[in-house]
Amino acid sequence: MNTKIAFLHDEFPKGGGEQVTINLVPYLENSGYEIFVFAHRVDKEKLPLSVNRVKYRILPYGANDGRNLSFICEAVRSDSVSVFVSAGFILPYFRQLKEATGCKTLFVSHNPPFWETDFKRENGRHKASESFGKWLEWYLLRAWKFSSGLFDRSLRKRYRALYDSVDMFGVLCDNYGRVIAEGIGVEYDGSKFRVFTNPLLPAVEMQCRREKRLLYVGRLTYADKRVDRLLRIWAKLEPLFPEWCVKIVGEGPESTLLKTLSCNMGLKRVEFCGYSKDVAPYYKSSEIFCLTSTIEAWGLVLVEAQNYGCVPIAFDCSAGVGEILSPDGVNGILVKPFDEDEYAARLSELMSDDALRERIRKNAAENLSRFSIDITVAQWKSALDSLINS
């Protein structure tokens, strides 16, 4: 009988965390695991055929909602789930789930350490700009929690409670694990922490003519992705590079605002392509991949871009991004956060220099073995077997 593993998501698919699960599923199934996905919303039309054997359990409430507990416990028992994996959700009921079902619990963070502080602060500032009432609410009632450190201290307590309640705590790299361990007051070595690198699927050979195009792939959200920066940067370059264009692939709550911003700036060669189930043709046919995020844990899109020969440039906003693109100018371009003028200058250099792009393309391709799907699957199998046999 196959060992049964459940992954918890809110919307499936949605972003990078969901894509990691999608990439892992066929490899784990081939290794003898049966996969379930618990999610509040599932859009099967957006899912690839590689996950067509997954069994879905639709949550009555959002993934973080404690009212899901009885539903999840009943489903875990009836499905005989051995390991329950939360893909980034700090659930309020891990301990009760373990006690009620006996299954092992694994929390996997797809974000930088304590990312919520920056995310909520940036989101709060952004919403405060929408009206005077929201400005007052933010600066009189909420902003002090961040400036005083109260929010961050409370967050670290939540992470410590999370660490104490789960059987294993997954991080993207050792650096992130050590930062979290120090922040919550535990030792990293010999702890519950395990590293799970984001899996890179082998590139599918396809015949595409590479065009003079800048590409963005991902969610259209403000606090983390900041695609508005890319539009401002492109506004500086569009008059100088008449043969180049920008394609933005993805959807999200900022979609309408970004389209309005592009229109108001008079940008002529920006195309919003919406969501795509298959982004490989975009990578394969574009010259440069642009990431202008404030918060980016690992940047799976950066590795995907390298995989298809699309040269990446990004703000050096995290250890994960730095690890993928380092050294600067060899495997990609790293720009000091968050200097838009410097980004525009480095991007202009990259757009102007065919030999530089070709050199980075070749270097990145040779460096991708570090992110092989085989390595990631081995990490997962080792962790799952350890949990099941403990």
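Predicted model: local features only at pLDDT ≥ 70, side-chain atom pairs only at ≥ 80, totals over all residues.
Residues are numbered from 1 along each chain as its sequence is written, and side-chain values use heavy atoms, with hydrogens and water left out.

Let me start with the annotation. The UniProt record, an unreviewed entry, places the feature "domain: Glycosyl transferase family" at residues 211-366; UniProt positions are given in the numbering used here, feature names are shortened, and annotations may be inferred rather than shown by experiment. In the model, the end C-alpha atoms of residues 211-366 lie 23 Å apart, and the span is 44% helix and 20% strand. When I speak of helices (H or I, at least four residues) and strands (E, at least two), I mean DSSP runs, numbered from the N terminus.

Strand β7, residues 104-108, pairs with β8 in the parallel sense over three bridges, and two strands are said to pair if DSSP finds at least two bridges between them. Within that pairing, phenylalanine 169 in β8 is the bridge partner of phenylalanine 107. Strand β9, residues 193-195, also pairs with β8 in the parallel sense over three bridges, and here arginine 194 in β9 is the partner of glycine 170. Between β8 and β9 the chain passes through helix α7, residues 174-184, and this β-α-β crossover is right-handed, meaning that, with the strands pointing away from the viewer, the path from the first strand over the helix to the second runs clockwise.

Helix α8, residues 227-237, is mostly covered, with eight of its 11 residues buried; among them are Leu230, Leu231, Ile233 and Trp234, together with the charged residues Asp228 and Arg229.

For contrast, let me turn to the surface. Phe132, Trp135 and Tyr139 form a nonpolar patch with about 370 Å² of accessible area together. Patches are made of residues with over 30% relative accessible area and no salt bridge, with like charges joined within 9 Å and nonpolar side chains (Val, Leu, Ile, Met, Phe, Trp, Tyr) within 5 Å, and the areas come from the Shrake-Rupley method with a 1.4 Å probe, where for residues only the protein chains shown count as cover. Phenylalanine 132 belongs to helix α5, residues 132-147, and is exposed, with a relative accessible area of 60%.

Next, the salt bridges, of which the whole structure has 31; each is a side-chain nitrogen of Lys or Arg within 4 Å of a carboxyl oxygen of Asp or Glu. In one of them arginine 121 meets aspartate 118, with the closest N and O atoms 2.3 Å apart, and because these two are three residues apart in helix α4, residues 115-128, about one helical turn separates them. Glutamate 122 and arginine 125 meet at 3.1 Å, N to O, and are likewise three residues apart in helix α4; glutamate 122 is buried at 16% relative accessible area, whereas arginine 125 is partly exposed at 42%.

Arginine 178 and aspartate 189 form another salt bridge, with the closest N and O atoms 3.3 Å apart. Arginine 178 lies in helix α7 and aspartate 189 in the loop between α7 and β9, so the pair ties together parts that are 11 residues apart in sequence. There is also a network of salt bridges linking Glu287, Asp354, Arg357, Glu358 and Arg361.

Finally, the backbone. Most residues other than glycine have a negative phi, and most peptide bonds are trans. Where are the cis bonds I would point out? One joins phenylalanine 12 and proline 13, with omega about 0°, and another runs from serine 326 to proline 327, with omega near -10°. As for positive phi, serine 80 has a value near 55° and arginine 226 a value near 50°; serine 80 is partly exposed at 44%, while arginine 226 is buried at 8%.

Notes
Buried < 20%, exposed > 50% of the residue type's maximum accessible area, 1.4 Å probe, protein only.
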